[in-house]
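Hi everyone, thanks for having me.

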Amino acid sequence: MASEQHEELGISHVTIDGIEGQVVRVELPDGTTQDWRLSSLPKGVREGDVIRIDVQGGDVDIEIDHEETDRRLALGQRQLDSLNAKAPDGDIDL
């Protein structure tokens, strides 16, 4: 995991794309994905959660960013609602 390098990186966010057993696929800020160990993330993490990673002075703080998770879910719902409003044959199913 890149954040274990303890560099002076500041704050970044990753999104939990999927969980399979003890492996978690995360989407990085550049849109690429990596597989991380579930044990390296906060307990209770779920698919769709946004994880806030703060690297300062060699310390790494990792937590679930519930506010950012809710904001992104609401944005995705608004985008889906907008697409459904334009769909000629009814709702778009994902």
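**How the strands pair**

Two strands count as paired if DSSP finds at least two bridges between them. Strands here are DSSP runs of E with at least two residues, helices are runs of H or I with at least four, and the numbering starts at the N terminus.

Quick background: this is a predicted model, where local features need pLDDT of at least 70 and side-chain atom pairs count only at pLDDT 80 or more, while totals for chains, interfaces and linings use all residues. Residues are numbered from 1 along each chain as its sequence is written, and side-chain values use heavy atoms, with hydrogens and water left out.

Zooming out, the protein chain has one helix and five strands, and from the N terminus on the order is β-β-β-β-β-α.

Now back to β4, residues 50–56. Asp-54 in β4 is the bridge partner of Ile-11. On to β5, residues 59–64: β4 and β5 run antiparallel, joined by six bridges, and Ile-51 has Ile-64 in β5 as its bridge partner. The β4 and β5 hairpin has two residues between the strands, and Gly-57 there takes a positive phi near 55°.

So, is β4 mostly covered or uncovered? Mostly covered: five of its seven residues are buried. Buried means under 20% relative accessible area, exposed means over 50%, and partly exposed is in between, using a 1.4 Å probe and protein chains only. Across the protein chain's 94 residues, 26% count as buried.

Last one: Glu-20 sits in β1, residues 10–20, and Glu-20 is exposed because its relative accessible area is 61%.
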